[in-house]
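This report describes how parts of one protein chain are arranged. Please study the sequence and the structure shown here before reading on.

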Amino acid sequence: MLAWDRGWRREARAAWLCGLALAGVLTAIDLGRGGFGWTHGCCWAALGATLVLVLRPARITAGDGWLASRGVLRERRVRTDLLTRVRREDGMAPRLVLRDITGGRVELDPQVLADNPLLWHYLDAGARLARERGVLVEGTKSLTALAERIDGEGARRLLSSAEISPSGD
């Protein structure tokens, strides 16, 4: 069975719309000024395409024992059952960096895991195997904190859908 980021299509579509909107607005301004030419049109199209490339998210997929991130140019893959390091990088855009014993490296937004329980399940199951085998040497605290956050959010969603207050009120 294969799991994937269910919000990827929406985010990719938004990236395309932003790129097209930028190119369209710049072209409309140029046409309004009366200075539109093919060189300007090509520049605006290139700017729009660049914005699409910058905003387009990586597509995250997972299966039994692996997790992959497909960007614009290539796919990166890790064996989750052979993870050696898991590191969380906080900042403007928090990232989870996964490394495996074969040298594979994947970066992803932890929110993708929170929004897609099946992706989280595959990563968690693989990380548990890596821990049992003794190859996961760094990052168990990061995974535990992420698990608590994801499980807490899932419990809150479940309780709210059942119209039960988490505090018991």
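Two strands are said to pair if DSSP finds at least two bridges between them. The model discussed here is a predicted one.

**Strand pairing**

Strand S1, residues 3-4, pairs with S2 in the antiparallel sense over 2 bridges. Within this arrangement, Ala-3 stands opposite Ala-62 in S2. Strand S2 is also joined to strand S3, residues 66-70, by 5 bridges, and these two strands run antiparallel. Here Arg-59 has Arg-70 in S3 as its bridge partner. S2 and S3 form a hairpin with 2 residues between the strands, in which Gly-65 takes a positive phi near 90°.

| Strands | Sense | Bridges |
|---|---|---|
| S1 and S2 | antiparallel | 2 bridges |
| S2 and S3 | antiparallel | 5 bridges |

Is S2 enclosed by the rest of the structure or open? Of its 5 residues, 4 are buried, so strand S2 is largely enclosed by the rest of the structure.

In soluble globular proteins, nonpolar side chains tend to be buried together. The largest nonpolar core in this model has 26 residues, of which Leu-67, Leu-83, Leu-98 and Leu-113 touch the most other members. Elements that each supply at least two residues of this core include strand S2 (59-63), strand S5 (83-89), strand S6 (95-100), helix H3 (110-115) and helix H5 (140-161). Helix H4 gives the most to this core, namely 6 residues.

Which residues does Leu-83 touch, not counting residues up to four places away in sequence? Its contacts are Val-78, Leu-98, Arg-99, Asp-100, Leu-123, Ala-127, Ala-130, Val-135 and Leu-136.

**Two residues compared with the cut-offs**

Tyr-122 lies in helix H4. Buried means under 20% relative accessible area; Tyr-122 counts as buried because its relative accessibility is 11%. Between the C-alpha atoms of Tyr-122 and Ser-142, which are 20 residues apart along the chain, the separation is 16 Å.

Val-72 is found in the loop between S3 and strand S4 (75-79). A residue is exposed over 50% and partly exposed between the two cut-offs; Val-72 therefore counts as partly exposed, at 47% relative accessibility. Together with Leu-53 and Leu-73, Val-72 forms a nonpolar patch on the surface, and the three have about 350 Å² of accessible area together.

Definitions and conventions
Residues numbered from 1 in each chain as written. Predicted model: local features only at pLDDT ≥ 70, side-chain atom pairs only at ≥ 80, totals over all residues. Heavy atoms only, no water. Core = buried A, V, L, I, M, F, W, Y, C linked by side-chain atoms within 4.5 Å. Buried < 20%, exposed > 50% of the residue type's maximum accessible area, 1.4 Å probe, protein only. Contact = heavy atoms within 4.5 Å. Patch = residues over 30% accessible without salt bridge, like charges linked within 9 Å, V, L, I, M, F, W, Y side chains within 5 Å. Areas by Shrake-Rupley, 256 points an atom, 1.4 Å probe, with all protein chains shown as cover. Salt bridge = Lys/Arg side-chain N within 4 Å of Asp/Glu carboxyl O.
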